[in-house]
Amino acid sequence: MAEPQEPSGPPRAPSGTHDVLWPESARWEELVSRFARRAQMAGYGLALTPVLEEARLFRRGVGEASEVVTKEMYELTDRGGRHLALRPEGTAPVVRAFVQHRPSVPFKAWYVTPAFRYERPQAGRYRQHHQLGVEALGSDDPDLDVEVVALAAGFYDDLGLRRVELSVNSMGCEADRPTYLSALGRYLQEHASELCQEHQERWVHSPLRVLDCKRPQCRAVTEDAPRMVDFLDEACAAHFARVRAGLDALGIPHRLDPRLVRGLDYYTRTTFEFASPALEGAQNAVGGGGRYDGLAEVIGGPAAPGIGFGIGIERLLLACDAEGCFDPAVPTPDVFVVDVTGGQAARDLCQELRRCGLAAERAFGGRSLKSQLRRADRSGARAAVVVGPAELQAHRVQVKDLRGDRPDREVARAVLAVELVSDLLGGDAGTGAAGGGP
RNA sequence: GUGGCCGUAGCUCAGUUGGUUAGAGCGCCAGGUUGUGGCCCUGGAGGUCGGGGGUUCAAGUCCCCUCGGUCACCCCA
């Protein structure tokens, strides 16, 4: 544990965290709203759960064996002596809420949340990153698996991503996994000397992790290792077959990856991962998830099967950049109010125009006419409303078309809002929005 | 947590073998037009050269430490 040293200079975002400011944040707004729309269309409602949870939730739920919990979790003791943790992932908290409140099933929820993992930061890997996800509890119907995977796949499609590759596997269940683990164990024992240095030591402790190892020695060994999919009992095999048939039926391309092992301990049966080959480097998983039929029980609740996924927003946006897609227009004001008579007119006009449904912007601080018009232009507003002494006197304003070549015109102040709504919003919007208190 | 590379204005970057007051483009502000934006021209503001220590007559340039970024490992979103 490093001795913390007092940083110098003004405070900055901690290592591995980052700010998202305008206009980049406009992409986040659009991204989240598209996901929300898709989730709602499929019957998922928003779930908001605390960023802080009891640390034991993750120890038990995510698992003592997972590195996410053992090496990467942000833990703290609060003033009341409670042992808490910043959520390292999104599933366990939703399952905890499900167990705590027992909503009717199937319980289908979507979320957007920060997730915290103490790792060495690099591109696409942060100590605080953000995930979009869904969880569906209370049914083990394989068609639910298909629905969940299809939701994610459709979302990638929505963003214009064309190169996202879906891998699927089945991890089996409590009944058939021991048989597989002993078969895998026997195989690894025979080939232990051929494994990479790290796994020569560790294969006994976590044999499944060897399957995930990317070093050539381990890859060579696991190429012919026993595959979980060959050890599924009848029910699990049928379940997995139905899932794959469902994906085929919906036209969702996918590839069986018998070595797909996910790093969180709770997974059973269906697991899946979306990777973007457009992303350089190792951080190319843009989403992943699976079924967790034992999780609710593990954390002390009723038996309740479930499935879900998480999508990393930062990585997803990197993938969009790499593919050159999802570049939504940054919202701009409809109208920019220029006032060289002291500011009261701008104050009042902005309020009025906004009430009528127009996005109105202005300058502050008594700037020159030239300066205000320059800002109007750079704001991207389609029109400028100019108020000078003469206009003020005559109860009129000048309207300038900033994007086209329509000549300037004078409009009576009293009818300005109506005129602009008609001009800029196509005539029908905003008419009901006027009135009401300030 | 291990190792490699990098850190100069808000942004993208120049800065010669260590050598006067550290530069450019973009952006920002103002002026060129006593009331008219974009294009153009002129000027201005803005830098503890990431931070600290050391070597030296002299450090943005060299050394050490540290912080941050980045890449690989690891892990995963």
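Two strands are said to pair if DSSP finds at least two bridges between them. In this predicted model, Val 337 stands opposite Arg 362 in strand E13. Strand E12, residues 335-339, pairs with E13 in the parallel sense over 3 bridges. The points below place this pair in its sheet and then turn to the RNA.

**The open sheet**

- An open sheet is formed by 5 strands in the order E13-E12-E14-E15-E16, and the pairing is mixed.
- Strand E13 (360-362) and strand E16 (409-412) stand at the edges; each has a single partner strand, so one side of each is left without a neighbour in the sheet.
- On average, neighbouring strands of this sheet are turned by 30° against each other, direction ignored.
- Strands of a sheet pair through backbone hydrogen bonds, either parallel or antiparallel.
- Helix H16 (residues 416-424) lies across E12, strand E14 (383-387), E15 and E16, and runs at about 130° to E16.

- Of the atoms of RNA strand B that come within 4 Å of the protein, 55% belong to sugar and phosphate.
- By class, this surface has 22 charged, 19 polar and 12 nonpolar residues.
- Several elements each supply at least two residues of the surface, among them strand E6 (128-137), helix H8 (207-212), helix H15 (389-394) and strand E15 (396-401).
- The largest share, 8 residues, comes from helix H14.

**Polar contacts with RNA strand B**

- A polar side-chain atom of Ser 15 lies 2.8 Å from a phosphate oxygen of RNA strand B.
- For Arg 209, a polar side-chain atom lies 2.6 Å from a phosphate oxygen of the RNA strand.
- Ala 390 approaches a base instead: one of its backbone N or O atoms lies 2.9 Å from a base oxygen of RNA strand B.

- Glu 391 counts as buried because its relative accessibility is 12%, and buried means under 20%.
- Not counting residues up to four places away in sequence, Glu 391 touches Val 386, Arg 396, Val 397, Gln 398 and Glu 410.
- Glu 391 and Thr 341 are 50 residues apart in sequence, and their C-alpha atoms are 9.6 Å apart in space.

Key
Residues numbered from 1 in each chain as written. Chains lettered and ligands numbered in written order. Predicted model: local features only at pLDDT ≥ 70, side-chain atom pairs only at ≥ 80, totals over all residues. Heavy atoms only, no water. Near = heavy atom within 4 Å. Polar contact = N/O pair within 3.5 Å; in protein donor to acceptor, adjacent residues only side chain to side chain. Helix = DSSP H or I, 4+ residues; strand = E, 2+ residues; numbered from the N terminus. Nonpolar A, V, L, I, M, F, W, Y, C, P; charged D, E, K, R; others polar. Buried < 20%, exposed > 50% of the residue type's maximum accessible area, 1.4 Å probe, protein only. Contact = heavy atoms within 4.5 Å. Axes fitted to C-alpha atoms, helices over the stretch in contact; angles between N-to-C directions.
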